[in-house]
Amino acid sequence: MERIPILKMGDYLLVSIQIDMHDKLAMELKNDLAEKISKTSAKGVLIDISALEIVDSFIGRMLGSMSEISKVLGAETVIVGMQPAVAITLVELGLSLKGIHTALNVEKGIKLLDELVKLQ
Amino acid sequence: MDENTTGKETVITLRETNDIVNARQYARKLAVELGFNILDQTKIVTAISELARNTVIWGKGGKAIFEIIKKGNKSGLRATFTDRGPGIPDVEKALEDGYTSGGGLGLGLGGAKRLMDEFEIESEIGKGTTVTVAKYK
């Protein structure tokens, strides 16, 4: 069965979404991530969406709830790599991704995570 | 919307959430074929995804019909979503951001309208809903 892998890098977890996500896969990722955070006591989560061709309201909501769940479990989340066309479309759609940290790329995302974790 | 269609129609069945991906992928293929730029492709596919989800979740299933259309010398893509679900009691309200019949963020209809060039909705309580959207090059 297809699954989105969650990699551990020190205190952080790295999720790279490389396929067009159907709803069930998104729900599974949400559950897998919560379990992995709890198992590894990760302090931060980096979600790379550079391969995502769209973010509709469902995926946007899913990213938001993953970030909230992580927070409750003691981990900060940064979403990285959103394509410019996706960003423009998202705003026009009316989705603001309020409360979600974003960064341009993985490198900047890690830096932001370092800062957020320091503030904890 | 009375422009000429080119005659070719493609029907995508929308019964379960996995079918939303089919609608998205077909919309992308058509948008690429028509030569839309990457931003317009993204807008089209996102709008199609929202409307397909509405059909599956609120409409209890239905279908999407895709067509290549012409308006003057412009070509475009049209998608018609039909369901035989419960219908929308207040269409005006359903187009407002933040409106939701439960569970969602209520961005689907209003958002899809903003992303496309044309948007029409017809809904009858107990009979179902038809949403038609189009975008031109």
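Close-up 1. The model is predicted, with local features requiring pLDDT of at least 70 and side-chain atom pairs pLDDT 80 or more, whereas totals for chains, interfaces and linings use all residues. Residues are numbered from 1 along each chain as its sequence is written, chains are lettered from A in the order in which they are written, and side-chain values use heavy atoms, without hydrogens and water. The interface also holds six salt bridges (a side-chain nitrogen of Lys or Arg within 4 Å of a carboxyl oxygen of Asp or Glu). One of them joins Asp20(A) to Arg24(B), with the closest N and O atoms 2.7 Å apart.

**Close-up 2. Extent of the interface.** The contact (heavy atoms within 4.5 Å) takes 19 residues from chain A and 24 residues from chain B. About 1900 Å² is buried between the chains, 56% of it on carbon and sulfur atoms (accessible area lost on being put together, 1.4 Å probe, summed over both parts). In chain A, Ile54(A), Glu92(A) and Leu93(A) lose the most area to chain B, together 29% of what that side buries.

**Close-up 3. Surroundings of Val133(B).** Leaving aside residues up to four places away in sequence, Val133(B) touches Ile48(B), Leu51(B), Leu77(B), Arg78(B), Ala79(B), Met116(B), Glu118(B) and Phe119(B).

Methods:
Buried area is the accessible area (1.4 Å probe) that two parts lose on being put together, summed over both.
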